[in-house]
Structures are given as structure tokens and as C-alpha cells.
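Subject: Handover of a structure and notes on it

Dear colleague,

Please find the structure for your files below. I would be grateful if you could read the notes that follow it alongside the coordinates.

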Amino acid sequence: KYYFEKLKNHSSIKHIFVHGYDYIRTDHDADKIKNGWVNKYMIQYGIRNSDDRDKVIKYLIDNFNDDLEQLTNKHENATYIDIRNLMINRDEWFDEIHPNDEGFAKVGNKFIEAIETNKKNM
């Protein structure tokens, strides 16, 4: 909310595009999990079953995206882009939470679609 309020005071900013995260995978190899930001902590806290971690991640990602979409909808010059379920293949991930070039191309295409859709409003 703070950033939306600050950004609307800049006349050079015509439109804001925001997105949440895709679902973080739990089926990465041990090295990606060991060097990651999510799975290793859940495992440390006893959530060892990947299906259980998937449920926690889905809950967190869905709630974050829902909150972000609701906030974005309150601003005329903002568009929320849903990228959940975009990187469905394990080989589209660079590490635990970041896509690789192929994955980022998918994200970029979603932004291009949103920009094209909103050109008349900018």
C-alpha cells in the first residue's frame, strides 16, 4: 500500500504491473534445497514430506497472491499478473524460487500480454 501511494505521486509512472510468486517446488534435488530459501527450513522444522510442504507453499503463495491482487485492484493505474502454475516443469527453475531463462521468458510473456491489454489505459 505504501509503495502504491508513493508511486502515484510520480507523473512519469503511468501504470504499475505487479506479480506474486509461482508455487515453489518441493521436488528439487538435494543441493537446490540445501541452498534454498524455503524447503530446507520446513524440513528443519519437521515438515519432511514433500506433499505436506506443497500444501504449506500453496497456502502461503495463494494468500500472498490474493492479498496482492486485492491491493492492486484498489488502484486504477495498476495491474496484477498471476504467474501461479506458469513454470510447471522442474527444468524451468534456476534455483528453488527463481526461474531460469525459459521460465523468465514465460513471465516476460505474461507482462507483454498485460501491457498490450492495458495500452489504452496508460
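This is a predicted model: local features need pLDDT of at least 70, side-chain atom pairs count only at pLDDT 80 or more; totals for chains, interfaces and linings use all residues.

Residues are numbered from 1 along each chain as its sequence is written, and side-chain values use heavy atoms, with hydrogens and water left out.

Overall fold

The chain has five helices and two strands, taken as DSSP runs numbered from the N terminus (helices: H or I, at least four residues; strands: E, at least two). Along the sequence they follow the pattern α-β-α-α-α-β-α. Taken along the principal axes, the C-alpha atoms fill a box of roughly 50 × 30 × 20 Å. Of the 122 residues, 37% count as buried; buried means under 20% relative accessible area, exposed over 50%, and partly exposed in between (1.4 Å probe, protein chains only). The accessible surface of the chain comes to about 8,300 Å², and 52% of this belongs to carbon and sulfur atoms. Accessible areas come from the Shrake-Rupley method with a 1.4 Å probe, and for residues only the protein chains shown count as cover. Among contacts (heavy atoms within 4.5 Å) with a separation of 6 or more, 66% are between residues 24 or more positions apart.

Salt bridges

Side chains of opposite charge can pair when their charged atoms come close. The structure holds eight salt bridges, each being a side-chain nitrogen of Lys or Arg within 4 Å of a carboxyl oxygen of Asp or Glu. One of them joins Lys-8 to Glu-5, with the closest N and O atoms 3.2 Å apart; Glu-5 is partly exposed, at a relative accessible area of 32%.

A second pair is Arg-84 and Asp-66, at 3.8 Å from N to O. Arg-84 lies in the loop between strand E2 (78-81) and helix H5 (101-118), and Asp-66 in helix H4 (residues 50-73), so the pair ties together parts that are 18 residues apart in sequence. Arg-84 is buried, with a relative accessible area of 16%, whereas Asp-66 is partly exposed at 34%.

Lys-106 and Glu-92 form a further salt bridge, their closest N and O atoms being 2.6 Å apart. Because Lys-106 lies in helix H5 and Glu-92 in the loop between E2 and H5, this pair ties together parts that are 14 residues apart in sequence. Lys-106 is partly exposed, with a relative accessible area of 28%, while Glu-92 counts as buried at 7% relative accessibility.

Salt bridges that share partners also join Lys-58, Asp-62, Asp-66, Asp-82 and Arg-84 into one network. Leaving aside neighbours within four places in sequence, Arg-84 is in contact with Tyr-21, Asp-22, Tyr-23, Ile-61, Asp-62, Asn-65 and Asp-66.

Nonpolar groups

The largest nonpolar core has eight residues: Phe-17, Ile-81, Ile-83, Leu-86, Met-87, Trp-93, Val-107 and Ala-114. Such a core is a set of buried Ala, Val, Leu, Ile, Met, Phe, Trp, Tyr and Cys residues joined through side-chain atoms within 4.5 Å. Apart from it lies another core, of seven residues, including Ile-24, Met-42, Ile-61 and Ile-97. Ile-83 touches His-19, Gly-20, Tyr-21, Asp-22 and Val-107, not counting residues up to four places away in sequence.

Two loop residues

His-28 lies in the loop between strand E1 (16-19) and helix H2 (30-34) and counts as buried at 6% relative accessibility. Beyond its neighbours within four places in sequence, His-28 is in contact with Ile-33, Arg-90, Trp-93, Asp-95 and Glu-96.

Asn-100 is placed in the loop between E2 and H5 and is buried, with a relative accessible area of 15%. Leaving aside neighbours within four places in sequence, Asn-100 is in contact with Asp-91, Glu-92, Trp-93 and Phe-94. The C-alpha atoms of Asn-100 and Asn-73, 27 residues apart along the chain, are separated by 29 Å.

Yours sincerely
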